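Let's walk through this model together, one element at a time.

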Amino acid sequence: MTNPPPPGNWSDPTWSAPPSSPTPDPTLVAGQPVPPQPGPVDPYAPTNPYAPANPYAPVDPYAGAQAPATQPMAEYAPPGYAPAGYPQQYPGYGYPQPPKTNGLAIAAFVLAMIGFTSCITAPIGAILGHVAQKQIRISGEGGAGMAKAAIIIGWILTGFLVLVLAFYAAAIIYAIATSNNSGSY
């Protein structure tokens, strides 16, 4: 219910007249609907890195399929991109894998080298070098150079050991032969 208009030129602030035009709709701008505004983006929100860029785009069921082994991969690479991985090498190119080194050859070489400080291990290294050479000839393993070096170093050091022992034995025999057995002290 509305009150009658105030008399005269005096306006009553409490009197409400019917509006002269309808109130504007806040969801319309120039008669067109206002699109909803995007909310603030949370930079810490979890995202799915495997989600498609456009979830409504058609999906290719053969996108992850592998190429047949008989055709090169370059045919399946997207335009402008190189094929994944390295190209297949042709037989005879590159470096072959070195053969496995014989463990006995390594042990023989180490014992022969230790023979420089204690000549006792040198003959053991030389003997193990001979055994390692035989194993290498049969199995085709690597380490033939180490086995040969162990044999050479081991026998040379063993020869020096024999010469040193012979020299000491001769010195002892000479000292005994030339000693004066007079019995006086």
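**How the helices pack**

The buried residues of helix 2 are covered by, among others, helix 1 and helix 3. Here, buried means under 20% relative accessible area, exposed means over 50%, and partly exposed is in between, with a 1.4 Å probe and protein chains only. Helices (H or I, at least four residues) and strands (E, at least two) are DSSP runs, numbered from the N terminus. This is a predicted model, in which local features need pLDDT of at least 70 and side-chain atom pairs count only at pLDDT 80 or more, while totals for chains, interfaces and linings use all residues. Residues are numbered from 1 along each chain as its sequence is written, and side-chain values use heavy atoms, with hydrogens and water left out.

Stepping back, the protein has three helices and two strands, in the order β-β-α-α-α along the sequence. Of its 185 residues, 12% count as buried.

Let's stay with helix 2, which covers residues 121-139. Its buried residues are Thr 121, Ala 122, Pro 123, Gly 125, Ala 126, Gly 129, Ala 132 and Ile 136. The 19 residues of helix 2 should span 27 Å at 1.5 Å a residue, and the end C-alpha atoms are 26 Å apart, which agrees. The expected span is 1.5 Å times one less than the number of residues. Just after helix 2, Gly 140 takes a positive phi of about 80°.

Next comes helix 3, residues 144-177. With 34 residues, helix 3 reaches 49 Å from its first C-alpha to its last, close to the 50 Å expected. Which of its residues are buried? They are Ala 147, Ala 150, Ile 151, Ile 153, Gly 154, Leu 157 and Thr 158. As you look at that list, recall that an α-helix has 3.6 residues a turn, so residues three or four places apart point the same way. The cover over these buried residues of helix 3 includes helix 1 and helix 2.

Now look for the largest nonpolar core, made of six residues: Ala 108, Ala 112, Ala 122, Ala 150, Ile 153 and Leu 157. Leaving out residues up to four places away in sequence, Ala 150 touches Ala 108, Phe 109, Ala 112, Gly 125 and Ala 126; contact means heavy atoms within 4.5 Å.

Leu 163 of helix 3 is exposed, with a relative accessible area of 56%.

Finally, the whole structure holds one salt bridge, meaning a side-chain nitrogen of Lys or Arg within 4 Å of a carboxyl oxygen of Asp or Glu. Lys 100 forms it with Glu 141, their closest N and O atoms being 3.6 Å apart. Lys 100 lies in the loop between strand 2 (32-33) and helix 1, and Glu 141 in the loop between helix 2 and helix 3, so the pair ties together parts 41 residues apart in sequence. Lys 100 is exposed at 62% relative accessibility, whereas Glu 141 is partly exposed at 24%.

Definitions and conventions:
A nonpolar core is a set of buried Ala, Val, Leu, Ile, Met, Phe, Trp, Tyr and Cys residues joined through side-chain atoms within 4.5 Å.
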